Amino acid sequence: MIKLNLKNSKIEKKIYSYQSKVNTIHQMIINRTGQGNEMLDWYNWAKTITNTEINAINFKIKNLKTINKVDTLLVLGIGGSYLGAKTGIDFINGSLRANNKVIFAGINLSSNYYKQIEEKLKNKNWAICVISKSGKTIEPAIAFRYFRNLLEKKIGKAKMKDFIVVITDRKKGLLNNFVEKYNYQKFIIPDGIGGRFSGITSVGLFPMAFAGINIKELLEGIKLAMDDFKNSNLKENIAYQYAVARNILYKKRLTSEIFVTYNEDFIMLGEWLKQLFGESEGKEGKGLFPNSVNYTRDLHSLGQFIQEGKRTFFETTIWQEYEDQDVKITKEDLDLDQLNYLEGKTIDYINKQVLKGVLKAHTRDGNIANIIISFNKNDEKTLGYLWYFFFIAVTCSGYLLKINPFNQPGVEIYKKHLLENLKFKK
Ligand SMILES: O=P(O)(O)OC[C@H]1O[C@](O)(CO)[C@@H](O)[C@@H]1O
């Protein structure tokens, strides 16, 4: 379903020297003996989630849309409680179309952004889906209070129960106070799945399903990946190959991995990868700094640095092979823009020539190692497969670095200072 190409990484042959390390790590994963193993429930989740839960998600969405005539879902969450859903909706539906039905807030503390969301919601019939495992994260918590009040003004207290969905921890967390008091519909975030892995649970599935995405297909894609990555043989398991390639490059003193996309709809995938790798690996003074660029846009900004700046990074290119035949260059009699030589060529063909040109410029002329991950379709199955590929890779990468890939203690430090600044009392 996806391909990994290490030819431009210049380390292809060294991969197999890691086989025994990878065997050990594989056993740590399947026997749950490594650091943070209590957070490995994502490993089998696509086969653990019940039809009852999937049906309950689809049923609630049907009710929202048909009985309550809801046309827009306001999703409040941050980090892993936001990135999976947004990534999935952009990837499958297209980023421009994506903003129509599902709007995300709680991702910043900008009053101007709040106002813009209010404007967008003005003529909509909207509902809230608040997502927070802890219920304490300040950005979505404030957004929930703000937009809950706005919604109540619009529809009245009595109807609120039908227009609010809560996705949170089984027992812990402040959002459970609302569920108990107001009987809001609740979906559970499993205990053993951390934020950045939670896009495959109701956290990602609910907003994606609201946007029309077939969540059963997405889970099918994950199941395909589960089968493909269930053994540790480096000749067969491309997720482990990728993890090893990253580790070899890291040991060559490269300090950053740049995720490269060539499609507006995959920008959020880059953001999702930044959280996945950043929170998983960046600790104890270790880890590759994950960064992302979107070409061709960023060839006209960071392109200069990437070509000729300090050599501290490698690129991981995420490429969709598909060529759409509908969007083509036409001929014009006057040819004022001198583009007639491209007559009949598709935009995707031209994008592919950019990819080829960039690979030559960066790997040959710029001496940058390049890993390529490619696939054909931007559909549900591919996304599920791709997510699981990265989950396996980041876990193996973390264990190669001898750190716990499933915690994020560093994020708490800013939160502590923020609460001090705000004179938090409880
Ligand atoms: O779902 P919560 O508890 O609001 O947390 C949101 C995000 O905050 C973090 O804990 C830290 O940023 C992430 O790991 C998590 O995805």
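Biologist: Before that, what sort of model is it, and which residues count?

Modeller: This is a predicted model, in which local features need pLDDT of at least 70, side-chain atom pairs count only at pLDDT 80 or more, and totals for chains, interfaces and linings use all residues. Residues are numbered from 1 along each chain as its sequence is written, and side-chain values use heavy atoms, with hydrogens and water left out.

Biologist: And the H and E labels?

Modeller: Helices (H or I, at least four residues) and strands (E, at least two) are DSSP runs, numbered from the N terminus.

Biologist: Start with the sheet that has E3 in it. What is the strand order?

Modeller: The order is E3-E2-E4-E5-E6, an open sheet of 5 strands with parallel pairing. Two strands pair if DSSP finds at least two bridges between them. E3 (102-105) and E6 (185-189) are the edge strands, and each pairs on one side only.

Biologist: How much are neighbouring strands turned against each other?

Modeller: By 20° on average, direction ignored.

Biologist: How many bridges are there between E5 and E6?

Modeller: Strand E5 (residues 164-169) pairs with E6 over 5 bridges, in the parallel sense. As an example, isoleucine 167 has phenylalanine 187 in E6 as its bridge partner.

Biologist: Which helix lies across E2?

Modeller: Helix H10 (residues 202-210) does, and H10 also lies across E3, E4, E5 and E6. H10 runs at about 160° to E2. Axes are lines fitted to C-alpha atoms, for helices over the stretch in contact, and angles run from 0 to 180 degrees between N-to-C directions.

Biologist: OK, the other sheet. Which strands are in the one with E1?

Modeller: That open sheet has 5 strands in the order E1-E10-E9-E7-E8, and the pairing is mixed. Strand E1 (2-5) and strand E8 (289-294) are at the edges with a single partner strand each, so one side of each has no neighbour in the sheet. From one strand to the next the twist averages 20°.

Biologist: How do E7 and E9 run, parallel or antiparallel?

Modeller: E7 (residues 256-261) and E9 (residues 313-320) run parallel and are joined by 6 bridges. Serine 256 is bridged to phenylalanine 313 in E9. H13 packs on this sheet, touching E7, E8 and E9, and the direction of H13 makes about 175° with that of E8. Contact means heavy atoms within 4.5 Å.

Biologist: What angle do H4 and H13 make?

Modeller: Helix H4 (residues 83-93) and helix H13 (residues 267-281) pack at about 155°, with axes 8 Å apart. H4 and H13 are therefore roughly antiparallel to each other. Angles under 35 degrees count as roughly parallel, over 145 as roughly antiparallel, 65 to 115 as roughly perpendicular and the rest as oblique.

Biologist: Which residues make the contact?

Modeller: Leu83, Gly84, Lys86, Thr87, Asp90 and Phe91 of H4, with Met268, Leu269, Glu271, Trp272 and Gln275 of H13. By class, the contact of H4 with H13 has 5 nonpolar, 3 polar and 3 charged residues. Ala, Val, Leu, Ile, Met, Phe, Trp, Tyr, Cys and Pro count as nonpolar, Asp, Glu, Lys and Arg as charged, and the others, Gly among them, as polar.

Biologist: What about H4 and H16, how do they cross?

Modeller: The axes of H4 and helix H16 (residues 380-400) come within 10 Å and cross at roughly 140°. H4 and H16 are therefore oblique to each other. Gly84, Thr87, Gly88, Phe91 and Ile92 in H4 meet Glu380, Leu383, Leu386 and Trp387 in H16.

Biologist: And H12 against H16, what angle?

Modeller: About 40°, with the axes of H12 (residues 238-251) and H16 8 Å apart. That makes H12 oblique to H16. Among the residues in contact are Tyr240 and Tyr242 of H12 and Phe389 and Phe390 of H16. The contact of H12 with H16 has 12 nonpolar, 2 polar and 1 charged residues.

Biologist: Which residues does UniProt list as "transmembrane region"?

Modeller: The unreviewed UniProt entry lists residues 385-401. UniProt positions are given in the numbering used here, feature names are shortened, and annotations may be inferred rather than shown by experiment. In the model, residues 385-401 are 94% helix and 0% strand, with the end C-alpha atoms 24 Å apart.

Biologist: Last topic, the backbone. Where is the cis peptide bond?

Modeller: From tyrosine 295 to threonine 296, with omega near 15°. Threonine 296 is in the loop between E8 and helix H14 (303-308).

Biologist: And what is phi at asparagine 367?

Modeller: Near 60°, a positive value in a residue other than glycine. Asparagine 367 is in the loop between helix H15 (347-365) and strand E10 (370-375). Most residues other than glycine have a negative phi, and most peptide bonds are trans.
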